[in-house]
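Me: I have a structure to look at and have not seen it before. Can you walk me through it?

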Amino acid sequence: MNTEFSRIITLLRKEKKLSQKQVANDLGISQALLSHYEKGIRECGLDFIIKTSEYYGVSCDFLLGKTIERNGAKISIDDISGSEASVNYGNLLSQLNKKLIQNSTNLLFDVAESTHNKDIEIAVSDYLMTSVYKMFRILYSSNSQNPQAVFSLPKETYCGYSSAYQHMKETQIYALSNGTGTKNHEAPASKNAPELSQKTLSEQYPEYSAAMFNLIKMVEDNINP
């Protein structure tokens, strides 16, 4: 049960000085059901969370207490198939995180492209593809009955090799993006280094910047001891 959701939708309603009856009518549900949602007695579906975010003009992440920014990474009902509209909160968070990652990745590729350096673009792609490979292989191999023939690297070595490859790509990207270059790769001219700030990211990438800002906050909250 997400207690933050119940607390926040109650605060938003009271903030706008609306009655439960009015909000319930606007959102197409009964007053009794809205009361249950506000008290945390029942969990709602994803479609209701999206409608509520649009109704109050805030992000789904804000409604769920995942960010203090009201206008964070938003998601619309068109972004999610109908079969996902009644998922529980665990699946809901997964769907929101997936959208967050997708939008942030789109921004990342756009920024990499703005360097006008193909080595950086390719290295970013290599790094991200390796991350996906590692996670997929872990999940795939969680069932010992799944045939391992789909992978050519043995299980004893793939993790070390893939991690080492990622470290190499990370070092290459860092060197290239800072103008020092690496062996056999030309460093980008300083004039090609993107000039970025929260303002410029919001202006240049309005569809994706909010997702990246939220992702940064979530990751730093997770890794900060």
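Reply: A term to begin with: buried means under 20% relative accessible area, exposed over 50%, and partly exposed in between (1.4 Å probe, protein chains only). By that rule Lys 118, at 58% relative accessibility, counts as exposed.
Me: And where does the model come from?
Reply: This is a predicted model, in which local features need pLDDT of at least 70 and side-chain atom pairs count only at pLDDT 80 or more, while totals for chains, interfaces and linings use all residues. Residues are numbered from 1 along each chain as its sequence is written, and side-chain values use heavy atoms, with hydrogens and water left out.
Me: How many salt bridges does the structure hold?
Reply: There are 4 salt bridges. The term means a side-chain nitrogen of Lys or Arg within 4 Å of a carboxyl oxygen of Asp or Glu.
Me: What does Lys 118 form a salt bridge with?
Reply: Its partner is Glu 121, with the closest N and O atoms 3.8 Å apart. Both residues lie in helix α7 (residues 118–140), 3 residues apart, which is about one turn of the helix. Helices here are DSSP runs (H or I, at least four residues), as strands are (E, at least two), numbered from the N terminus.
Me: Is Glu 121 buried or exposed?
Reply: Glu 121 counts as buried, at 18% relative accessibility.
Me: Which side chain does Arg 13 meet in a salt bridge?
Reply: That of Glu 38, at 2.7 Å from N to O. Glu 38 lies in helix α3 and Arg 13 in helix α1, so this pair ties together parts that are 25 residues apart in sequence. Glu 38 counts as buried at 10% relative accessibility, and Arg 13 counts as buried at 10%.
Me: What about Lys 199 and Glu 203, buried or exposed?
Reply: Both are exposed. Their side chains meet in a salt bridge of 2.6 Å, N to O, and they sit 4 residues apart in helix α9 (residues 198–204).
Me: New topic. How many residues has the largest nonpolar core?
Reply: It has 22 residues, and those with the most contacts inside it are Phe 5, Leu 12, Phe 48, Ile 49 and Leu 63. Such a core is a set of buried Ala, Val, Leu, Ile, Met, Phe, Trp, Tyr and Cys residues joined through side-chain atoms within 4.5 Å.
Me: Which elements give two or more residues to this core?
Reply: α1 (3–15), α2 (20–27), α3 (31–39), α4 (46–56) and α5 (60–63). Of these, α4 gives the most, with 5 residues.
Me: What does Leu 12 touch?
Reply: Leaving out residues up to four places away in sequence, Leu 12 touches Tyr 56, Val 58, Phe 62, Leu 63 and Arg 70. Contact means heavy atoms within 4.5 Å.
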